Amino acid sequence: MVDLVSQRTRIQAEIDASFSEIMNNAAFINGPYVHQFQADLEKYLNVKHVIPCANGTDALQIAMMGLGLKPGDEVITADFTFAATVEVIALLNLTPVLVDVEEDTFNICPEAIEKAITPKTKAIVPVHLFGHAANMDDIMAIAKKHNLYVIEDNAQGIGSSYHYKDGKTEKTGTIGHVAATSFFPSKNLGCYGDGGAIFTNDDDLAHTIRGIVNHGMYKRYHHDVVGVNSRLDSLQAAVLKAKLPHLDDYNNSRQKAARAYTQALKHHKDIVTPTTKTNRNCDAGENGICDTCTCHVFHQYTLRITNGKRDELSNYLNSQSIPHGVYYPIPLHLQKAYEDSRYNNDDFKVTNKLSEEVISLPMHTELDEEQIEFITSHILKFMNGEV
Ligand SMILES: *Cc1c(COP(=O)(O)O)cnc(C)c1O
């Protein structure tokens, strides 16, 4: 699914040199690379504050702690996402409110958000799923109208940007009140272990969060709030600092691979290829994927198989040793940990359907035409009943 070994060769010398330096200086925690990477990322994103932390799940949790959300507060998020998003809501004794997603973009549905709002609602967590910016025009408008926080889960979307209706463009993760991202190795900007960060343009919130990540300390050994211990270590920061200047190239490679997949697969009547077109304000190219912008950075390239044969296709790809994944096979509202009598299965028609139709193909920065041709020709052979 991902090829991190080939990617490493391009940046190996730089990373090896920084690793030696860090080990010689023994500055493993909070060393200079952490501060340099933080500053570089602030500049890249055009955001005032990046607060590095230990992983993306912590980043989400800390963002919610920083906003001062209280037990019983309702937080709306998508039914179709990785469990980390809803897990931290539940861990903080907030009340998760799952809502359905859009069929064509897989992202949280603004109308469903609006329907789920109650007097207890305090925040919305849009996930830029698979690297595609959620509908931030509508989400920010709903938040403003109902006085809600927006916490962007940008774990899959780093480097992508959102095109507003008025023509303005901003990087995902800099639009809501606060955002969380992950530097897990397979993410679009990945380190060599775990890592994450929180972004915000709010000076007070940034100050609060900097204390929370460090045991609630604002002055040494003065613990003003209950915090956590969540740090990005120097070795990981050095990897990220070396990779960040390549992030746009990495994302371009992913988009190029996505266009090639779509070119090969878009004509099949039982395959729906991903689109950047619907509900977004940029020009999608002939394949339904923008040629000129980064509103979708393809953390995953995800097809819908609409003839009910997704699992059979998966078995066939397994038999041919072609890697693929099903993200996500079970909607969160049906997961044991998150099921709740408040939910009505009929309110999740799209997620229920997607969980049966989606399949993600290998996606990384090193895919070449030959590999894509091999993968797509096997998919078409199966879909055309030729195997
Ligand atoms: C990966 C991911 C996370 C969690 O990140 P970790 O660094 O693995 O903790 C959260 N949300 C989404 C949507 C993710 O894909």
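Leaving aside its neighbours within four places in sequence, which residues is Ser234 in contact with? They are Ile22, Ala27, Phe28, Ile29, Asn30, Gly31, Tyr33 and Val34, where contact means heavy atoms within 4.5 Å. This is a predicted model, in which local features need pLDDT of at least 70 and side-chain atom pairs count only at pLDDT 80 or more, while totals for chains, interfaces and linings use all residues. Residues are numbered from 1 along each chain as its sequence is written, and side-chain values use heavy atoms, with hydrogens and water left out.

**Ser234 and its helix**
- Ser234 has its place in helix H9 (residues 234–243); helices (H or I, at least four residues) and strands (E, at least two) are DSSP runs, numbered from the N terminus.
- With a relative accessible area of 1%, Ser234 is buried (buried means under 20% relative accessible area, with a 1.4 Å probe and protein chains only).

**Helices H4 and H5**
- Helix H4 (residues 56–66) packs with helix H5 (residues 84–91) at an angle of about 40°, and their axes are 9 Å apart; axes are lines fitted to C-alpha atoms, for helices over the stretch in contact, and angles run from 0 to 180 degrees between N-to-C directions.
- H4 and H5 are therefore oblique to each other (angles under 35 degrees count as roughly parallel, over 145 as roughly antiparallel, 65 to 115 as roughly perpendicular and the rest as oblique).
- On the H4 side, Thr57, Leu60, Gln61 and Met64 make the contact, and H5 brings Ala84, Thr85, Glu87, Val88, Ile89 and Leu91.

**Strand E4 and its partners**
- Of the 5 residues in strand E4 (residues 121–125), 4 are buried, so the strand is mostly covered.
- Strand E2 (residues 74–78) runs parallel to E4, joined by 4 bridges, and Val75 stands opposite Ala123 in E4.
- Over 2 bridges, E4 also pairs in the parallel sense with strand E5 (residues 149–153); two strands pair if DSSP finds at least two bridges between them.
- Tyr149 in E5 is the bridge partner of Ala123.

**The sheet E12-E13-E14**
- Here 3 strands form an open sheet in the order E12-E13-E14, with antiparallel pairing.
- Strands E12 (271–272) and E14 (358–361) stand at the edges with a single partner strand each, so one side of each is left without a neighbour in the sheet.
- E12 and strand E13 (residues 301–305) run antiparallel and are joined by 2 bridges, with Ile271 opposite Ile305 in E13.
- Helix H12 (residues 349–357) packs on the sheet, touching E13 and E14, and its direction makes about 100° with that of E13.

Methods
Buried means under 20% relative accessible area, exposed over 50%, partly exposed in between (1.4 Å probe, protein chains only).
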